[in-house]
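Hi there,

Here is the structure I promised to pass on.

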Amino acid sequence: MSLSDSIPNNVDLGSDRKLLRALEKWQPNFRSWWMEMGPDGFQQNDIYLRTATSVDPKGWATYDYVKMPDYRWGIFLTPREGERSVNFGDVAGSKAWEEVPGELRGILRRIIVTQADTEPASVEQQRQLGKTAPSLYDLRNLFQVNVEEGRHLWAMVHLLHQYFGRDGREEAEGLLERRSGDADKPRILQTFNETTDEWLSFFCFTMFTDRDGKYQLAALSESGFDPLARATQFMLTEESFHLFCGETGIERIVQRSAELTKQDPNGDARDQGGVDLPTIQRWINYWFSSAVELFGGEISSNAADYFATGLKGRYREMAKYEDHRALGDSYEMSVPKDGKLVSETIPLRNALNEVLRDEYVADCERAVRKWNHVIKKAGVSFELALPSRRFNRSMGIYAGMSFDLAGSPITKEAFEAKRAEWLPSAEDRAYVRSLMQPVYEPGKIANWIAPPKTGVNGQPFEFEYVKLAR
Ligand SMILES: [Fe+2]
Ligand SMILES: [Fe+2]
């Protein structure tokens, strides 16, 4: 089978010899990276996976048993109807670019490489999790997320190969050379160098970190560089499943936690072998505060440039806004001054990272309300909450100051005194890791998490999602 046949695509790969050659050279390196840094073990097992095989919204994916190394990582651009324009920024109204404009080459490459780097990074972060999956359903979902992050890497590498010549090919190699958490050649963004070695963190990652990805992809899907807009648009269709894993994963742990709290004579879920709600809260504090860093500085000339040049829009730029130049407007922001917070008026274009972060925070708040509903229904009095976006920051205008969970400035000493109450301690981590015993029998599930409401693709929870050698 030729490469153009083995890669499902709608970019007419078979007739673009130059692109085909570039991808043929890159593919074996991708495969070696996958075998070295992808899921540890399970590479020869049949897994019930979804593969993107077309862009038809009614039936874009097929489900079948696949061994991960045989997964067909495809290249898809969401089709456009008619002519498209650059829709925002200084050049709003001009024709959208089908090639990279010379003067934007540098920043566009940086945007694509930064997005691309997160895809293999997350696979590397999660490579040990298969060994401790709470059920075959969850094991399969982990691998689904992993292979799709691999496809997202393909999507970005396709853009680098097709539109950035030799620079693009070098960047594509670099994406397979950096390693999450490596001291010498780390992944570009810090959050993607942190370990995700237990499942509470996996669900927090797919809830909070992948959700940053959703908002970045959505902003890029507005881009005046049409191939980027179309590639990211299609990535969002897969991404929604990753977010589903995170949101419902936490919900299922919360539900089980509430049940065990109720069962225990002292109301302590840990005594019943579960994760107690205060521990879940600490994980939320940690992962949320790490994920909000990914939106970039609160006051940012880069964000202003990306918007002005028509490369990166706001969330749902076309659907939500009337004025796509965003020139005269401003944004009220709490800014640290002499150890206090003061309100400052920032030109809107410089505050666009914060505008995107607002969308993200509101979305996370929606999920927390859902989780709290589950706790309430179980008859337990406890409420989860997101920390303030100022809490525990190491980048942006709030870095260097300490804030409590509500976002009020406190001393560094006061923060340290509360650290073990607010963030996961070494003991917490050891405890959560101690719960991570694999459950590989179809229909069974670990004690610390509730089963899902439904299975995958109409299959029941008891379905054999991963065929393990027995
Ligand atoms: Fe992704
Ligand atoms: Fe994802």
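Let me start with a pair of helices. Helix 7 (residues 226-263) packs against helix 11 (residues 352-377) at an angle of about 25°, and their axes are 9 Å apart. Angles under 35 degrees count as roughly parallel, so helix 7 is roughly parallel to helix 11. The crossing of helix 7 with helix 11 is right-handed. Please keep in mind that this is a predicted model.

If you want to find the contact on screen, look on helix 7 for Glu247, Ile250, Glu251, Val254, Gln255 and Ala258. Their counterparts in helix 11 are Ala367, Lys370, Trp371, Val374 and Ile375. By type, the residues of this contact comprise seven nonpolar, one polar and three charged.

Three strands make up an open sheet with antiparallel pairing, in the order 2-1-7. Strand 2 (61-66) and strand 7 (466-467) are at the edges, and each has a single partner strand, so one side of each has no neighbour in the sheet. As background, strands of a sheet pair through backbone hydrogen bonds.

Strand 1 (residues 46-52) and strand 7 run antiparallel and are joined by two bridges. To locate one of the partners, go to Asp46: its bridge partner in strand 7 is Lys467.

Helix 4 (residues 136-163) lies across strand 1 and strand 7, and it runs at about 40° to strand 1.

Happy to go through any of this with you.

Best wishes

Definitions and conventions. Residues numbered from 1 in each chain as written. Chains lettered and ligands numbered in written order. Predicted model: local features only at pLDDT ≥ 70, side-chain atom pairs only at ≥ 80, totals over all residues. Pairing = 2+ DSSP bridges. Helix = DSSP H or I, 4+ residues; strand = E, 2+ residues; numbered from the N terminus. Contact = placed C-beta atoms within 7 Å. Axes fitted to C-alpha atoms, helices over the stretch in contact; angles between N-to-C directions. Parallel < 35°, antiparallel > 145°, perpendicular 65-115°, else oblique. Left-handed = near helix turned anticlockwise from the far one by under 90°. Nonpolar A, V, L, I, M, F, W, Y, C, P; charged D, E, K, R; others polar.
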